[in-house]
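Please keep the sequence and the structure in view while reading.

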Amino acid sequence: MQPFVPLIRNPHFQTIAGHLWKRPLDTARHPVEERLYETEPGVRVLVESQQPPGEARCHIVMVHGLEGSGAAGYMRSLSAAALASGYAAHRFHMRTCGGTEHLCQTLYHAGLTSDLHAVLRQFSAEGRAPAWLAGFSLGGNVVLKLAGELGEAARPLVAGIGAVSTPLDLGACVERIARVDNRLYERRFVRRMRRRLCNTGRYRPADFRGLETILGIDERMTAPAFGFRDAGHYYRTQSALRFLDGVRVPTLLIQARDDTFIPSSVYESPELRRNPWIELWMTEYGGHLGFIARRAPRFWVDSALLEWIQRQGGNPGSPGGGRTPAA
């Protein structure tokens, strides 16, 4: 794998550039099929799928981050790279995301794995091979938690997992986002959360009076909506870190040491280090979901994930093992 050489080392530049950089996706050559999957009574989620020419070599299912959607840059560029490599690309939307607020009367949360599990079961029922999952930020928490919950039972559904900039410990990461250097990011997250929650029809703008943090919204809205005692209980029980011991499919974690949302110490946990199915590629730079490279390929994560999938593809039923230095 080509080491990551950042265009600029500043983590805030990387984070913002990763969000704003244009990422072309050819929807003329690869038309988008929008399909709604009913995952439980009264709940439908959107999956945007694109197929390569000819028979797909495999299927990659991507899961977005907090308040994201299939339109996120990292979802688009990985889709483009996957299609160019002969893979089918499926952009999974968490419930109520990407303009789907009207499709269910409930919310999503960082550990809600049932919708993705239901979609993967439907993939399998249609005769598709086990899918490769790619989770970004909060989506990484979802795919890792699902694999940990399923253990060996994941193998008929999941070939392997790539997780990028994942908040393995939700409480530690929410605390980190609340610091002064992340204030602009948190305000943006809060605005988007407020807008989406109001669009579900369950809340009004007045319900958010005095709520200016992710923690505040999770304490007052997310946790009660799913029966958690409080935000702390929600974070403790839904963090992927608690489920890593159960992972039994090849798994790659890509994480920048300078990620301003995620303390690098989270990745020193014994739960991660002792599982031979999990590889960690830790770069010095990259910010949060940035990884904009100085030289081609510009979107380093895409090439890294696909190269890893290609290497695993010959023997997906055994541990990857070890750690490969990424920078």
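Which residues lie nearest the centre of the second largest pocket? In this predicted model, they are Arg57, Cys58, His59, Pro130 and Trp132, which belong to a lining of 14 residues.

**Pockets**

Rolling a probe the size of a water molecule over the atoms shows where empty space is left.

| Pocket | Volume | Lining residues by class |
|---|---|---|
| Largest | about 920 Å³ | 26 nonpolar, twelve polar, seven charged |

Helix α6 gives the most, with nine residues.

In soluble globular proteins, nonpolar side chains tend to be buried together. The largest nonpolar core in this model has 69 residues, and those that touch the most other members are Phe92, Leu116, Leu120, Leu144, Leu168, Leu253 and Tyr267. Helix α4 (residues 138-150) supplies the largest share of this core, namely seven residues.

Apart from neighbours within four places in sequence, tyrosine 267 is in contact with Ser165, Thr166, Leu168, Leu253, Gln255, Ile262, Leu272, Arg273, Leu280 and Met282. Two of these partners, Leu168 and Leu253, are also named among the core residues that touch the most other members.

**Cysteines**

A disulfide is a covalent bond between the sulfur atoms of two cysteines. How many disulfides does the model contain? The count is zero. For cysteine 104, the nearest cysteine sulfur belongs to cysteine 97 and is 9.3 Å away. Cysteine 104 is not part of a disulfide, because the sulfur atoms of such a pair must be within 2.5 Å. Cysteine 173 is likewise in no disulfide, and the nearest cysteine sulfur, again that of cysteine 97, is 19 Å away.

Are cysteine 104 and cysteine 173 buried or exposed? Cysteine 104 has a relative accessibility of 1% and therefore counts as buried. Cysteine 173, at 3% relative accessibility, also counts as buried, because the limit for this class is under 20%.

Conventions. Residues are numbered from 1 along each chain as its sequence is written. This is a predicted model: local features need pLDDT of at least 70, side-chain atom pairs count only at pLDDT 80 or more; totals for chains, interfaces and linings use all residues. Side-chain values use heavy atoms; hydrogens and water are left out. Buried means under 20% relative accessible area, exposed over 50%, partly exposed in between (1.4 Å probe, protein chains only). On a 1 Å grid over the protein atoms alone, a cavity is a set of points where a 1.4 Å probe fits but cannot get out, and a pocket is an open set with protein on both sides within 12 Å along at least five of seven lines; lining residues have an atom within 4 Å of a point. Grid points are joined across faces, edges and corners, and a volume is the space filled by probe spheres set on the points. Helices (H or I, at least four residues) and strands (E, at least two) are DSSP runs, numbered from the N terminus. Ala, Val, Leu, Ile, Met, Phe, Trp, Tyr, Cys and Pro count as nonpolar, Asp, Glu, Lys and Arg as charged, and the others, Gly among them, as polar. A nonpolar core is a set of buried Ala, Val, Leu, Ile, Met, Phe, Trp, Tyr and Cys residues joined through side-chain atoms within 4.5 Å. Contact means heavy atoms within 4.5 Å.
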